[in-house]
Amino acid sequence: MRTSTIQRVRLFIRGSTSGPGAPLPPRRVWLLAFLAFALLGAAWSLAMPYDGPADELQHVLRAYAVWSGQVRAPADGLIRAPQSLMPDGLHIGFSCFRWNHAASAHCAATAGADPAQTRQMIETSSNAATYSPVYYALVGWPIRIWPTFFGIIAARLLTTVFMSAFIAFAVTAASRLRHARWLLPGLLVVLTPVVVNLEGGVNPAGPEIVVGLALWVALIGIVDARQASPGLVRLACVSGAFLAVFRSFGVEWLVLTVGVAVFGGVVGWLRHPRRVLSGLDRGGRGGRGWVRAVLANRTLLRWLPVTGVGLVFGYVWVKLTGGVGNLAAGSTAGHLTLAHAYVDELWSRTTYYTDGFIALTSYGDVPTPGLVFYVWFGVCAALILLALAVSGTVDRLRIVGIILGAYVILIYPDAETVAHGWWLSQGRYALPFIVGAPLLAAHALGEQRVLIPQHLRKVTRMVGLVLLPIQGVMLYVTMIRFESGGAHLDVLHGKWLPPLGPELPLLLCAAGIVVAWCLVVRMSSLPVNADPSPTTDETQPTAARLVPQPTGPHSAMPTSV
C-alpha cells in the first residue's frame, strides 16, 4: 500500500520510524525551522505596501545605488535612482501614510506603475547612503533589474531567505546542545513579531538581529555547554563576520557579545583551572576540557580569519563614512536640556524601547493590541526572573549586564539627540545583543535542572501555544492598518490590497505557524528512555550532579552540528 501524503509528512517531521521520542536529525530540524520562518517572512513580504516596513524607502534607494556603482556615497550624499522608486506620496522626509495610522497605503502610488518613471532618473538623499554595502549587495540586485514593486518584493524575499537560514542554523545548533530542550523556550521568546516583521522588508536590521541570535547560540554552546564542535565554531565565526559589517554599530555588538559570553568561561577557568584543563567542565561531566578543546579545534584556525576580515571591514567602513554622524547637531532652542532628556528617557522612552523589541511593527505606527505586549513580555520576564533566582553569580551578572548594557546603549545617544530636537534610538536596534539574555537564562535553567522532563515538555509547548499565534495576530492588525487605516476589521477588503490579494499572506502565515508548532512539539518530546521517576539524572539535586565522573573513551561530550 502506498504511503499517503499525510503519513509522509508525519514521518518527515518525526525524522524516524522509532517513535516520537527519537532525536530529530539535524537536517530535518534545519529544514523545518527554515520552512516555518520562510513562510512567515514570505507572508510579511507579500502583505506590506512599499515603505510599509521600517525605513524601507531609504534602504531600497541604497540597494539600487550599490548595484548601480554608487557604493560609497558622494560628498553631497545624493543618490541617483529611478523616479519609480520614489512614487507620488512617498518621499524621504514625508509619506502620506507614514506615522498616520488612519491613512491607508492607497494614498501612495505603486512603485513602477508608470513604466516611464523606471527610466526617469532623479537625485535624492537617503539616510542609509553611508551604510555598509554588504547587505545591499546580497539582496539588492532585483531592485537594480526591476526598479518596481516587483523588484522590491523580490529583494524582500531574499532577505527572508537569508534570515530564515540563520534562524534555522541557530535552532539546529541549539538542538544539538546539552540541555537543548531548555533553549527552545528562549528561542521562541527572542523571535518576536518585530523580528519576523523585518523578514518582510528591505532593511539590514533584520539580518543583523538573526546573525546576532546565531552568534549567541554558538557561543553558548562553545563556552557554557563546553561543546567546541566544528559546526558551532563555523557558525560563530560566520555570524560574527556578518554582524560586524551589516550596520554601523555591528563591530561594537560583536565585541560586547563575545566579551559577555567568554566572561563566563574565563571566570570558570580562574576558579577551577586544574579541573578545566584536566578535562572536567564546570558541570562535572567528562571530556577534553573547554580550553583544550577550543585551542585544539582546527576549524577555529580556518574560520577565525573570516571574522577578522568582517571586523576590519566594518571598522574601516565606519571610519571612512563617519558612522551615524554628529549626535549633537541641531539647535537646543525650545527643546529639553540634557538632564531633562535623561529623565524623560528613564521614565517614558524605556517603555517604548521594550515595546520596540516585541510589538512595534512597521514604523511603530501600527495600533497594536496592548495584550500582545504584556503576554510576550510576561513570558520573557518569567524566563529571566526564574533564571536569576536559581543560577549562579556569574550567570546572573551576565544576564543583568546584557539587559542593562542594551538599555544604556539605547538611552545615551537618544538623550543626546532629544536634547537637540530629534530622536535616534529604536528598540529593535539593540535586539542583536539583548537576545542573549533570554537565551542565557534558558541555558542556565537547563543546567540547574529546574523542571523534570515531563514538566519541561509541558512548559515548552505552552510557550509555543501562547506565542506562535501572536505572529498571526500581528500580521492581521498590520494588514488592516495599511489596507483601510483601521476603519474596519475586514482584512479581505480595503482601499489598498496586497498585489497578490490578502488571502495568500494569511495562508502563508498560518502554514508557517503550523510548521513552527510541529517543530516545537517534536523538539520538546521526551527521549525514548526518559524515566519519569525522580531518581533520573534530570531530577537529581545540583550538588549530586556536580560530583566529577570518571573520564574515558565513552565519556566525551556530545558534538554539535
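Guide: Let's start with one idea: contact means heavy atoms within 4.5 Å. The model we are reading is a predicted one.

Visitor: Which residues is histidine 493 in contact with, leaving aside its neighbours within four places in sequence?

Guide: Those partners are Glu483 and His488. Glutamate 483 sits ten residues away along the chain from histidine 493, and their C-alpha atoms are separated by 7.5 Å.

Visitor: Where does histidine 493 lie?

Guide: Look in the loop between helix H20 (453–484) and helix H21 (503–523). There, the side chain of histidine 493 also makes a polar contact with the side chain of aspartate 490, at 2.6 Å.

Visitor: Now for the core. Which residues of the largest nonpolar core touch the most other members?

Guide: This core has 148 residues, and the ones to find are Tyr50, Leu85, Leu213 and Trp216. Helix H9 (residues 205–224) gives the core its largest share, 14 residues.

Visitor: What does leucine 85 touch, not counting residues up to four places away in sequence?

Guide: Leucine 85 touches Tyr50, Leu57, Val60, Leu61, Tyr64, Ile143, Pro147, Thr148 and Ile152.

Visitor: Back to H9: is this helix mostly covered or uncovered?

Guide: H9 is mostly covered, with 20 of its 20 residues buried.

Visitor: How many Å does H9 reach from its first C-alpha to its last?

Guide: The 20 residues of H9 reach 27 Å, close to the 28 Å expected at 1.5 Å a residue.

Visitor: And what residue with a positive phi follows H9?

Guide: That is arginine 226, with a phi near 55°.

Conventions: Residues are numbered from 1 along each chain as its sequence is written. This is a predicted model: local features need pLDDT of at least 70, side-chain atom pairs count only at pLDDT 80 or more; totals for chains, interfaces and linings use all residues. Side-chain values use heavy atoms; hydrogens and water are left out. A nonpolar core is a set of buried Ala, Val, Leu, Ile, Met, Phe, Trp, Tyr and Cys residues joined through side-chain atoms within 4.5 Å. Buried means under 20% relative accessible area, exposed over 50%, partly exposed in between (1.4 Å probe, protein chains only). Helices (H or I, at least four residues) and strands (E, at least two) are DSSP runs, numbered from the N terminus. A polar contact is a pair of N or O atoms within 3.5 Å; within protein, one must be able to donate a hydrogen and the other to accept it, and residues adjacent in sequence count only if both atoms are side-chain atoms. The expected span of a helix is 1.5 Å times one less than its number of residues.
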